[in-house]
Amino acid sequence: MNETITTPAAPAPPLTPKKKNPKTVIFYFAAAGALFIGLAVYGIRARNQWTAAVQVRTNQAARIQVHVTHPQAATGTIYLQLPGEAMPFTDSPIVAQTSGYLKKWYFDIGARVKKGDILAEIDTPEVDQQLAQAQAQLKVAQAASDLAQVTYNRDQDLFKNKVIAAQDFDTAAYNYAGARSTVIEDQAAVGRLEALEEFKTVRAPFDGIVTARNTDVGDYVAAGSGTALFRMAATAVLRVYVTVPQAFSSLVKAGEQAELTVNEFPGQTFPAHVVSTAGAINPTSKRLLTELEASNPTGAPLGGAYVQTTLDIPVDGRGVMIPPMTLLFESGQPAVALVGPDGKAEIRKVSITRDLGTRLQIANGLSESDQVIVNPPPGLVTGSQVLVVKSSEATSAE
């Protein structure tokens, strides 16, 4: 048998490490350095931008945000708006002047009637009988007066002829005078009852509207009871009553023009004028009662309605007008806060010429170009940094 003899392989020679290229090492170090520098620059720039944004926000937060408005030039006329109540020129209850039972009525509420129109009729049987009795009594008195006159005329002739004594003639004269007085008395009684008969027909005393009917057919009507059968209002002309604040009481004169507006008639105005004033300030309200008249041929607005009255009052037109919400007080003096060109606030004292309620008239110290802060925040002082966030127009001086 043949045996195969395997000879062991010779060991591999050891690996020799490669040497690094110096240029490659320098490249890696340079790239790493550039990356580090880039990251550092980016971080510094981002931090600077963030810091700047934070600073801007901080500065904005430190500045007080305000709304401003511009004063408007005052005019020679102010328009004083006051609430008022429109009343009919005549508002009267229609009462009965005779007693009886309502026979018939002809007009109900809302009816427009003319002066002399028959509103109702009253049946007065008792008055009818009293009138008939008075007329009969008058006839008796008239007959007695005629007889007394005949006797007086006859005795006068007899006395002239010295047929009768003076005493008889005086008696005849006395009887005749008494009879005449009785006739006159009875005539007055008949006239009174005839007047009551005329009141059986209830007539409209003026042109107007029936605003109430308080009776019906068959109701007993008592003369002098004060119970109104109807109520009528004349609305062709309205009386408007307003109360003017004491500050304007000296400016309101008879003849001043005005306009009325009513919520029920949007967009419409009704001319009016001042008729008179109470001439005295109400000690409780410190206001002056003022009466105006307004022509109302169409019947609108209605009598008794609430109206808004605008009085045209001529005044000194110097100065400017500002809204009242711009006012503040500095050391007890009225003042306003302005925004200067540098964005800083300035507290400026002003003198109020007239308070018009919705606006203030300032005599001097302000111009139309000024930016006046609306509703100045607490703590605002001269030099405060402010930020204007909105500008609005001031209330018109008119």
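Asn375 sits in the loop that joins strand S21 (372-374) to strand S22 (386-393), where strands (E, at least two residues) and helices (H or I, at least four) are DSSP runs numbered from the N terminus. Although Asn375 is not a glycine, its phi is positive, at about 50°. Asn375 counts as exposed, at 54% relative accessibility; the classes are buried under 20% relative accessible area, exposed over 50% and partly exposed in between, computed with a 1.4 Å probe and protein chains only. This is a predicted model, in which local features need pLDDT of at least 70 and side-chain atom pairs count only at pLDDT 80 or more, while totals for chains, interfaces and linings use all residues. Residues are numbered from 1 along each chain as its sequence is written, and side-chain values use heavy atoms, with hydrogens and water left out.

A positive phi also occurs at Lys286, a residue other than glycine, with a value near 60°. Lys286 belongs to the loop between strand S12 (270-281) and S13, and it is partly exposed, with a relative accessible area of 44%.

| Residue | Phi | Relative accessible area |
|---|---|---|
| Lys286 | near 60° | 44% |
| Asn375 | about 50° | 54% |

The loop between strand S13 (287-295) and strand S14 (306-314) holds Pro301, and the peptide bond leading from Ala300 to Pro301 is cis, with omega near 10°.

Phe206, in the loop between strand S7 (201-203) and strand S8 (208-213), is buried, with a relative accessible area of 15%. Leaving aside residues up to four places away in sequence, Phe206 touches Thr90, Ser92, Val113, Lys114, Lys115, Met232, Ala233 and Ala234, contact meaning heavy atoms within 4.5 Å. Met232 lies 26 residues from Phe206 along the chain, and their C-alpha atoms are separated by 8.5 Å.

How do helices H2 and H3 pack, at what angle and with their axes how far apart? Helix H2 (residues 125-160) and helix H3 (residues 166-198) pack at about 160°, their axes 7 Å apart, with axes fitted as lines to C-alpha atoms over the stretch in contact and angles running from 0 to 180 degrees between N-to-C directions. H2 and H3 are therefore roughly antiparallel, a class that covers angles over 145 degrees.

For the protein chain as a whole, the secondary structure comes to three helices and 22 strands. Buried residues make up 31% of its 398 residues. Among contacts in the chain with a separation of 6 or more, 76% are between residues 24 or more positions apart.

Methods: Angles under 35 degrees count as roughly parallel, over 145 as roughly antiparallel, 65 to 115 as roughly perpendicular and the rest as oblique.
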